[in-house]
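Visitor: I'm new to reading protein structures. Could you walk me through one, feature by feature?

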Amino acid sequence: MIKSLCICLFLCLEIGINVSFGQDVHMFTDQMKEAPVGGGFQMEDYWVWGSSVVKGEDGLFHMFVSRWPKKLPFHPGWLVASEIVHATSKTAEGPYQFSEVTLPARGAEYWDGRSTHNPRITKYKDTYILFYMGSTHPFADISNPDTLTLDSPYTTVARSNKRIGIATSKSPYGPWERRDAPVLDTRSDTYYSFLTSNPAPWINEDGSVLLVFKSRAYKKTYPFHGDMSIGVAKAPHFSGPYTVVNQAPVFGKDQIGEVEDPFIWKDKKGFHLIAKDQRGGITGEKHAGLLAHSTDGLSWKLDKNPKSYSKTLKWSDGKTQTMGQLERPFVLIQNGKPTHLFFATMDGPGGFNNATKSWNMVVPLK
């Protein structure tokens, strides 16, 4: 009996099956290695946020990431001046080197003419599809950064114009074809009547798409929107049309809890979701990560151990640090398995405007 158990254990370890006695091995909290110092991506004179990575035919890792000038306040500077750029690295850990601007500003008359943000890169057959948030506003460029506040007209209008769109290319270097309209618009009298944002797509083998997204409902009084919620849309093809499939959000203040920055992927067990616990009511730590699962992508249940990561991380130089902010989790999937966890992060004690720099970091997984 003991001999058989030992053989079984050896075989499980050889083929990479998680083995535990009395306690499950968590796919993130127990698998995160030390974060490499100097890895990821940052740019001098720019706030950097929210990366998404794909490996190209050239053998390089291609990161798509948001940036905006540091002369503007971090928040809400991204709403009016963010652009998505492209960076490359020979390794998943980086450091990544800037390549070019992927989705620059293109004029207030376009739905995404003033800001592109929240990139999520994926590939279907020979086409790279970049899901992102776009926004616009009719005002002049900001001459005095001190006038850009959370209650300024710039912020209110730009936030209300947030929509999800796509751009496509045959190469990660472009050229990128942008659409004249978003793929997921708002709809009156719904939980997504004010904005749609933070796209988390999964493209199935038949080309159909499951899209998890962030939303807010319109309110008649300032700040004119409600709390964040998470919905699900479907499309027969990445070009659309996209249809929201649930009348109530799958995550929200009254459904499981308020979360942000979802990322989803699929394997033989079904769909998995990692996201930021906005208030800490799910994981016990504000802005820590949570993990949920679904068989169909429409109905989600929390993991038995829902906390997927903490804001306190270990670095390769032996230091432990509680990050000022730790957001926009992105899981790099290689050969069907999660291999790296990327974050948007910043220094400081916490709070977007209490930091001196922001960057995208990466944590290898065991």
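This is a predicted model: local features need pLDDT of at least 70, side-chain atom pairs count only at pLDDT 80 or more; totals for chains, interfaces and linings use all residues.

Visitor: Which members of the largest nonpolar core touch the most other members?

Guide: A nonpolar core is a set of buried nonpolar residues joined through their side chains. Here the largest one has 34 residues, and Y96, L341 and M361 touch the most other members. Several strands supply at least two residues each, among them strand 1, strand 2 (61–69), strand 20 (337–346) and strand 21 (358–364). There is also a second, separate core of 18 residues, which includes I164, Y192, F238 and Y242.

Visitor: How many residues of helix 2 are buried?

Guide: Buried means under 20% relative accessible area. Helix 2 (residues 74–81) is mostly covered, with 7 of its 8 residues buried. Those are F74, H75, P76, G77, W78, L79 and V80.

Visitor: What lines the second largest pocket?

Guide: For a pocket, look at the space and then at the residues around it. This one holds about 710 Å³ of space. Its lining has 26 residues, and T122, K123, W202, I203 and I333 lie nearest the centre. Elements giving two or more residues to that lining include strand 5 (115–124), strand 9 (195–203) and strand 19 (325–334).

Visitor: How many of the lining residues are nonpolar, polar or charged?

Guide: The lining of the second largest pocket splits into 15 nonpolar, 5 polar and 6 charged residues.

How values were computed: Residues are numbered from 1 along each chain as its sequence is written. Side-chain values use heavy atoms; hydrogens and water are left out. On a 1 Å grid over the protein atoms alone, a cavity is a set of points where a 1.4 Å probe fits but cannot get out, and a pocket is an open set with protein on both sides within 12 Å along at least five of seven lines; lining residues have an atom within 4 Å of a point. Grid points are joined across faces, edges and corners, and a volume is the space filled by probe spheres set on the points. Helices (H or I, at least four residues) and strands (E, at least two) are DSSP runs, numbered from the N terminus. Ala, Val, Leu, Ile, Met, Phe, Trp, Tyr, Cys and Pro count as nonpolar, Asp, Glu, Lys and Arg as charged, and the others, Gly among them, as polar. A nonpolar core is a set of buried Ala, Val, Leu, Ile, Met, Phe, Trp, Tyr and Cys residues joined through side-chain atoms within 4.5 Å. Buried means under 20% relative accessible area, exposed over 50%, partly exposed in between (1.4 Å probe, protein chains only).
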